Amino acid sequence: MTAAPRLWAVVGATGTGKTDLSLRLVEALGDAGRRAEIVNADAMQLYRGMDVGTAKLPTQQRRGIPHHLFDELDVTDEAAVATYQPRARSIIRDIFARDGDAVLIGGSGLYVSSVVFDFRFPPRDDRLRAQWESELAAAGPGALFARLQEQDPTTAARIDPRNGRRIVRALEILAQGGETHGAALPEAPVLWHPDTRLIGVHVERAALVERLDARVERMWRGGMLEEVAGLRHAGLEDGVTASRAIGYAQALAQLRGELDEAAAIEQTQALTRRYARRQVSWFRRYAGITWVDPDVDAGTLVESAPAPRRD
């Protein structure tokens, strides 16, 4: 008798210690006789070279644990959850086929949900996309957001009015006569893999704010500006997704002389705090999630979720 493979999802706000817990979880699974591999669900860690600003774990610190879906894209590529989902699920199936558990880790709510739940995406239409992107370039996100509010106020309420990419995608879907997913979970989400364990890493708000602010300051001391200067030569400013990432957009503005360093750091801190609030709100809607402190004993998580047996 061997244990059937399990999907673990380690989620939560940025800066809560998910990476460290995922490593300890894999090691605890190994102590229990289960091998496991890590799969990334952070949209910005998909990008090669975006390391300092995403707190990406260096290869030499991965403790020999296989890591997947890191450094998959160039900064000029567009990150799309509809592309990510089948790739991540294929990798997880391969891990299961090797009799291993998969540990999905990340704070990008839609990316996590696209793997964990039965999430299906509407088709893409390049012609419509080009039409809306042309209007976006001409009129800016405000005008398109007003149209989205008229056509689908539920989705509009959940999208940042400045996020032109997501506004365009929603309008593209509506123009095809489809329904958007409202940038939210279904009312009663169904697990994609029946044996899934959801673990949320929680840090009290005041402590998290302090951690996030300090983290941004460390990013700048640790070479954020130099990293972005290098990525700028690789085409970062032309990237639809990467150039808008929190911290990277501000560092680019500093390099262009539009912000001084103090303002770039302050703006990044404010946006990071806001993003963390959205992440917490997203993951709190997950039914069956177990919330833990960052320093939880990973062994207790394994012991409290014995895997079902199979022949």
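This is a predicted model: local features need pLDDT of at least 70, side-chain atom pairs count only at pLDDT 80 or more; totals for chains, interfaces and linings use all residues.
User: What makes F283 and Y286 an aromatic pair, and of which kind?
Analyst: Rings of Phe, Tyr and Trp (its six-membered ring) pair if their centres lie within 6.5 Å, and planes under 30 degrees apart count as stacked, over 60 as edge-to-face and the rest as tilted. The ring centres of F283 and Y286 lie 5.4 Å apart with the planes at 90 degrees, so this pair is edge-to-face. Y286 has a relative accessible area of 3% and therefore counts as buried.

User: How many aromatic pairs does a search of the whole structure find, and how is F117 placed against Y286?
Analyst: The search finds 3 aromatic pairs. One of them joins F117 and Y286, edge-to-face, at 5.1 Å centre to centre and 85 degrees between the planes. This pair links distant parts of the chain, 169 residues apart, with F117 in the loop between helix 3 (109-116) and helix 4 (126-139), and Y286 in the loop between helix 11 (261-283) and strand 7 (290-292); helices (H or I, at least four residues) and strands (E, at least two) are DSSP runs, numbered from the N terminus. F117 is buried because its relative accessibility is 4%, and ring pairs link F117, F283 and Y286 into a cluster.

User: What makes R285 a charge over the ring of W282?
Analyst: A charge sits over a ring if NZ of Lys or CZ of Arg is within 6 Å of the ring centre and within 35 degrees of the ring normal. R285 lies over the face of W282 at 5.0 Å from the ring centre, and R6 lies over the face of W8 at 5.4 Å.

User: How do you know that the buried residues of helix 9 line one face?
Analyst: In helix 9 (residues 224-233), the residues M224, L225, E227, V228 and L231 are buried. Down the helix axis they fall within an arc of 160 degrees, so they line one face of helix 9, the arc being that of the directions from the helix axis to the C-beta atoms. The face turned away from that buried side carries the exposed residues E226 and H233.

User: Which residues touch the most other members of the largest nonpolar core?
Analyst: A nonpolar core is a set of buried Ala, Val, Leu, Ile, Met, Phe, Trp, Tyr and Cys residues joined through side-chain atoms within 4.5 Å. The largest such core has 50 residues, of which M50, Y84, L104 and W220 touch the most other members. Helix 2 (81-97) supplies at least two residues of this core, and its 7 residues are the largest share.

User: What makes strand 4 and strand 7 edge strands?
Analyst: Two strands pair if DSSP finds at least two bridges between them. The open sheet has 6 strands in the order 4-3-5-2-6-7, with parallel pairing, and strand 4 (67-68) and strand 7 each pair on one side only. Within the sheet, 5 bridges join strand 3 (residues 36-40) to strand 5, where A36 stands opposite D101.

Technical notes
Residues are numbered from 1 along each chain as its sequence is written. Side-chain values use heavy atoms; hydrogens and water are left out. Buried means under 20% relative accessible area, exposed over 50%, partly exposed in between (1.4 Å probe, protein chains only).
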